[in-house]
Amino acid sequence: MILIKLFFTFLKIGLFTIGSGYSMLVLAQKYIVDTYQWLTMEEFTDLVAIAELTPGPIIINLATFVGTRVAGLKGAILSTVGLIIIPFGFLFIIASKYLQLKNFPFMQNFLNVIRPIAIALITIAIINLFKTSITNLKTFLIAIIAIVLLQFFKVNPIFIVIGGLIISLIFKV
């Protein structure tokens with residue numbers, strides 16, 4: 001029963017979310033944390049951070065982690081397949097027809113509407129993660145420093161992560 005629930009939960013997340021893996025986090029949080037309580041918000045935030053650091057798309061990594069946590073290897077497989085099966089089909093169709101459709105007014109209008117919606121979903125995901133990740137002045141300063149280094153000094157994100165590891169070892173933040 002739990003395997004079926006995992007599959008269909010991630011199928012819904014993949015079907016009803018538009019945009020990047022980050023925009024999917026809002027719906028994922030709704031089901032994983034709020035509806036089924038498979039994870040607490042703190043655990044969800046930790047797994048999002050881990051999913052971001054591991055190779056591959058963040059939402060696929062998250063589906064795999066949650067599936068593993070809830071139902072082992074079978075859960076990981078069914079969660080991941082559920083998540084990607086519909087978007088993969090859409091992507092295949094769009095990729096094969098994009099050049100034929102890109103100049104149609106409908107497609108341009110659709111993209112003009114979808115882009116800001118995707119940004120809104122990503123923003124909500126960031127706000128939700130901010131609430132559980134930025135817990136004191138130290139973590140706030142770490143976030144600000146990382147943003148400044150990434151945005152204004154164009155520091156490679158790998159160095160930011162390595163620096164974070166070093167800071168966590170030295171200062172036990």
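These notebook entries record what I looked up in one predicted model.

**Entry 1: ground rules**

I number residues from 1 along each chain as its sequence is written, and side-chain values use heavy atoms, with hydrogens and water left out.

**Entry 2: the chain as a whole**

I looked up the secondary structure and found seven helices and zero strands. Helices (H or I, at least four residues) and strands (E, at least two) are DSSP runs, numbered from the N terminus. Read from that end, the order of elements is α-α-α-α-α-α-α.

I then noted the extent of the C-alpha trace, which is about 55 × 45 × 25 Å along its principal axes. The chain has 173 residues, and 28% of them count as buried. Buried is under 20% relative accessible area, exposed is over 50%, and partly exposed is in between (1.4 Å probe, protein chains only).

Among contacts with a separation of 6 or more, 56% join residues 24 or more positions apart.

For charge, I recorded 12 positive and 5 negative side chains, with the centres of the two sets 11 Å apart. Lys and Arg count as positive, Asp and Glu as negative, and His and the chain ends are not counted. Each charge is placed at NZ of Lys, CZ of Arg, CG of Asp or CD of Glu.

**Entry 3: helices α2 and α4**

I examined how α2 (residues 21-35) packs with α4 (residues 58-101): the angle is about 35°, and the axes are 8 Å apart. Axes are lines fitted to C-alpha atoms, for helices over the stretch in contact, and angles run from 0 to 180 degrees between N-to-C directions.

On the α2 side I listed Gly21, Tyr22, Met24, Leu25, Ala28 and Ile32, and these meet Ile58, Ile59, Leu62, Val66 and Leu83 in α4. By class, this contact has ten nonpolar, one polar and no charged residues. Ala, Val, Leu, Ile, Met, Phe, Trp, Tyr, Cys and Pro count as nonpolar, Asp, Glu, Lys and Arg as charged, and the others, Gly among them, as polar.

**Entry 4: Leu15**

I located Leu15 in helix α1 (residues 2-16). Its relative accessible area is 35%, so Leu15 is partly exposed. Apart from neighbours within four places in sequence, Leu15 is in contact with Ile86 and Phe90. Ile32 is 17 residues from Leu15 along the chain, and their C-alpha atoms are separated by 16 Å.

**Entry 5: two loop residues with positive phi**

Gln37 is not a glycine, yet its phi is positive, about 50°. I placed Gln37 in the loop between α2 and α3 (41-53). Gln37 counts as exposed because its relative accessibility is 56%.

Lys154, also a residue other than glycine, has a positive phi near 55°. Lys154 is in the loop between α6 (137-151) and α7 (157-171), and its relative accessible area of 60% makes it exposed.

Terms used:
Predicted model: local features only at pLDDT ≥ 70, side-chain atom pairs only at ≥ 80, totals over all residues. Contact = heavy atoms within 4.5 Å.
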